[in-house]
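Work through the exercises below with the structure in view. Try each task before you read its solution.

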Amino acid sequence: MTQYIQNVASNVCGDLPPTIPVNIDCSLCAIGFPQAGGMIGVTFYGPICPPSTTPSPSFWLGFEEKTAQFKCINPGQDNEPNPNVWVAESLFGGISGGSCANQYKLRAVLTALNTTQISVSVTIYVLIPGIGGNVWAVYSTWSETLTETPSLDTTPYRGRAFSSPTYKAITVNQNGGKGDPVSFARINVGLISMRVGCGSTGNAVPDTCGFWDGSQWLTCLRGFVKSTNNTLIRDFTQFGFNTATCGTTDSCGCDTITLTGTAPPTGTCTFNSPAFAATYGLLGLPGGIEAIGAVQQVQHAPGVQGIDIIVKQIANGVIYICTNDNGAGWIVSAANVAKAQSPVILTATRANFQVWLYALNFPNDQILPVECYTPPAEGTMPVFVDEPEPEVVAPPVIQQQQSPVIQRVTLPCLHLGEAIQGSNRAGCGSCSKYKCAIHGECRKIDYSLEVKQCLTCEDYIAK
């Protein structure tokens, strides 16, 4: 089987026509390269107690950093996502005492300003008694402009880190009770750039499920499903990615189907079980082209709000988008080309929703075939300057020199071994798998949770 290696995403940032609903994956294009995800951490402090010149730890909101994961904003009626804005939300508890409130909510809005700066607006809410029940009231709110921490890795697809340059003075509304004054806060933000897979042959595209549109190969489809009234269905999904155990624990997103029978449909796949061929092999493409013996190139993805989507091409012909809305039956239509170059954008319209597929095409002016054969070295991560610990008399400060979230993104784990060749099958949506002294195998980041990931592993120890 062809082995695939990881490489950078095509730079899909840029102005898109107003008819296009969103830049690929709402990817903070103002930074200059598409971003795949990110985290924020906020740490609170009390007042500065002389002779110390730095704030004391906050015992009211606790010593630990409060964290949340950034995602694309889900807007309201008739508003499309802003490709340069992400939002993060999480709940956390304060220090309980008497009748004082101890339930809080963090909401952060990140705006990409340019290639080195972001703006972050943070609002902290507290849950307090109100008429008819508990209500969220504003506890504190502030904004900061953060500059990227210098990194040894200067490539556009590096991991990016941002931190408050100093302790930010904040004011709080003592709703729900009083504790020691919460006077300062610091923000840490870590961002992860998009990466996609390249094949090892031909035009540098995974040859199992790549689609040929007459001039270029298309792979790594990123799906965006929106309702026609812009309010109900609005979510992303990833096509063409195979986990190491796909076909057993889940479906393989990059595959082929070859029918051996049609009544009922039976067949074989490259990766999936025959049940996959029976389910998706005969969906009603026009002209009877889903014939016995014909090899179907398919890209599949996790469903969105019960909508199952599969994309097919047979013999380098028309690309078809097939949808099944919560079991109502398959609807098939030829993909409409909304944009013909990086990113290629294919669409399909149904009665209640629209499907937008963002495709990265190879080669192009950002990625040439040779780059797929010689990927950048793994482990090139940002380097951070240590900051002094706060001076306190008592009790001791429980504080990390570096945000735990950013540390896990930027520093390899002590238990991490060498990369496992061919572990990024079909190349889309995840980094390579590594040998692990504790868990056998793991990935630095793996949102599919197929194996342990350093980002959340309880055994992580920074080198």
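This is a predicted model: local features need pLDDT of at least 70, side-chain atom pairs count only at pLDDT 80 or more; totals for chains, interfaces and linings use all residues.

**Exercise 1. State what secondary structure the protein chain has, and what share of its residues counts as buried.**

Solution. 
- Step 1: Count the elements. The protein chain has three helices and 28 strands.
- Step 2: Turn to burial. Of the chain's 463 residues, 51% count as buried.
- Step 3: Check the reach of the contacts. Take those between residues at least 6 apart in sequence: 59% of them join residues at least 24 apart.

**Exercise 2. Locate the largest nonpolar core and say which elements build it.**

Solution. 
- Step 1: Start with the members. The largest nonpolar core has 41 residues, and those that touch the most other members are Ile40, Phe44, Val120, Ile124, Trp142, Ile187 and Val189.
- Step 2: Trace them to elements. Two or more residues come from each of the strands S2 (35–48), S4 (66–72), S5 (85–93), S6 (103–112), S7 (117–130), S8 (133–147), S11 (184–193) and S24 (353–362).
- Step 3: S7 gives the largest share, six residues.
- Step 4: Look elsewhere in the model. A second, separate core has 21 residues, including Phe211, Leu218, Phe239 and Ile307.

**Exercise 3. Decide whether Val120 is buried or exposed, then list what it is in contact with.**

Solution. 
- Step 1: Val120 lies in strand S7.
- Step 2: Apply the cut-off. Buried means under 20% relative accessible area. Val120 has 0% relative accessibility, so it counts as buried.
- Step 3: List its contacts, leaving aside neighbours within four places in sequence. Val120 is in contact with Ile40, Ala108, Val109, Trp142, Ser143, Glu144, Leu146, Ile187 and Val189.
- Step 4: Pick one partner. Leu146 is 26 residues from Val120 along the chain, and their C-alpha atoms are separated by 7.5 Å.

**Exercise 4. Classify the ring pair of Phe70 and Trp86.**

Solution. 
- Step 1: Note the setting. The structure holds eight aromatic pairs.
- Step 2: Find the partners in the chain. Phe70 is in strand S4 and Trp86 in strand S5, 16 residues apart.
- Step 3: Check burial. Both Phe70 and Trp86 are buried.
- Step 4: Look for a bigger group. Phe44, Phe92, Tyr104, Tyr139 and Trp142 form one aromatic cluster.

**Exercise 5. Identify residues joined by a cis peptide bond, and residues other than glycine with positive phi.**

Solution. 
- Step 1: Recall the background. Most residues other than glycine have a negative phi, and most peptide bonds are trans.
- Step 2: Inspect Pro50 and Pro51. A cis peptide bond joins them, with omega about 10 degrees. Pro51 is in the loop between S2 and strand S3 (55–57).
- Step 3: Move to Ala263 and Pro264. They are joined by a cis peptide bond too, with omega about -5 degrees. Pro264 lies in the loop between strand S16 (254–262) and strand S17 (265–269).
- Step 4: Turn to phi. Gln305 has a positive phi, near 50 degrees. Its loop runs between strand S18 (295–300) and strand S19 (307–314). Gln305 counts as exposed, at 54% relative accessibility.
- Step 5: Finish with Asn326. Its phi is positive as well, near 55 degrees. Asn326 sits in the loop between strand S20 (319–325) and strand S21 (330–334). Asn326 is exposed, with a relative accessible area of 54%.

How values were computed: Residues are numbered from 1 along each chain as its sequence is written. Side-chain values use heavy atoms; hydrogens and water are left out. A nonpolar core is a set of buried Ala, Val, Leu, Ile, Met, Phe, Trp, Tyr and Cys residues joined through side-chain atoms within 4.5 Å. Buried means under 20% relative accessible area, exposed over 50%, partly exposed in between (1.4 Å probe, protein chains only). Helices (H or I, at least four residues) and strands (E, at least two) are DSSP runs, numbered from the N terminus. Rings of Phe, Tyr and Trp (its six-membered ring) pair if their centres lie within 6.5 Å; planes under 30 degrees apart count as stacked, over 60 as edge-to-face and the rest as tilted. Contact means heavy atoms within 4.5 Å.
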